[in-house]
Amino acid sequence: MKRLLYLFFFFIPLAQGAEPLHIFVSVLPQQTFVERIGGSHVIAEALVKPGANPHTYEPTPSQITRLASADLYIRIGVPFETAWLARIQAANPQLKMLDARDGIALQPLAAHDDAEVHHDAAHSEPDPHIWTNPLLVKQMAVTIETALADLDPAHAADYRANLAALTAELDALDRDIRAELAGLQQRRFMVFHPAWGYFAAAYGLEQITIEHAGKEPNSRYLVTLIEQARREAVQVIFVQPQFSRKAAAQVAQAIDGTVESIDPLAADYFATLRRVAHVLAATAANQ
Ligand code: ZN
């Protein structure tokens, strides 16, 4: 043990300046943004692995080990953080914590105009899925760039240049989505899990949530949803791999609609958002 400690202290000064920053984030889209801004100067890792559910995630022992030597954690407000971030901070008191939501106005989760669902206290929670609006990602990108330049001033010029490139790409994404959705008559869509609230708010759409208090709806509520879907001529229902598609399939069958699996937590951020816009436009065009 003594010898290991000696090696550890001996190695650190030699490595300084050459070692990339180790940045942990909660979800994969954040990892994409940190990698874009950090380039070769950072190693970014999302705790929630592909297909895993950020509502119930538990970090693996090897992640906990890597967190002990990480430089920065960027939280975003997904539910597992509540249970884990205090423990992670206790295991690594040096770890800097940053909140991706800084400067962003949060909206409540699953705003729904049907009075029937408003008795549920969970619906007044802030919605953590801020990355589904590219213009909010621009704000997050500034937060990331500032933090990286603080931790590693030697590469501040690179971080600034990468931020400019990412910002331009996010503006292009926003323009493409607006163009795709221009003139769209049916601006309502259904989702199992309400991950697309910021996307909907940004582009004048309305997301109608199927899950009820985070679970499958009961049969009475399912009937209400089917009636609403018919009344509002909903054509497409989004599901994501982290949640059941059973209720979505039942609604789709009843209304003769389509179920589309799109993962809001995918690392391939730009393609994912373009696909949401494309599916909404294409579904409307086919009616
Ligand atoms: Zn979620």
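Phe199 touches Thr132, Asn133, Ile177, Leu205, Leu273, Val276, Ala277 and Leu280, leaving aside residues up to four places away in sequence; a contact here means heavy atoms within 4.5 Å. This is a predicted model, where local features need pLDDT of at least 70, side-chain atom pairs count only at pLDDT 80 or more, and totals for chains, interfaces and linings use all residues. Residues are numbered from 1 along each chain as its sequence is written, and side-chain values use heavy atoms, with hydrogens and water left out.

Phe199 and Leu280 have the most contacts inside the largest nonpolar core, which has 71 residues. Such a core is a set of buried Ala, Val, Leu, Ile, Met, Phe, Trp, Tyr and Cys residues joined through side-chain atoms within 4.5 Å. Buried means under 20% relative accessible area, exposed over 50%, and partly exposed in between (1.4 Å probe, protein chains only).

Now for the metal. His55, His129 and His193 each use NE2 to coordinate the zinc ion, at 2.1 to 2.3 Å. Donors are N, O and S atoms within 2.8 Å of the metal (3.2 Å for Na, K and Ca), and sites may look incomplete because water is not among the atoms. His129 lies in the loop between strand S4 (96-99) and helix H5 (134-151), and His193 in the loop between strand S5 (188-191) and helix H7 (197-202), so the pair ties together parts that are 64 residues apart in sequence. Helices (H or I, at least four residues) and strands (E, at least two) are DSSP runs, numbered from the N terminus. His129 is buried at 4% relative accessibility, and His193 is buried at 5%.
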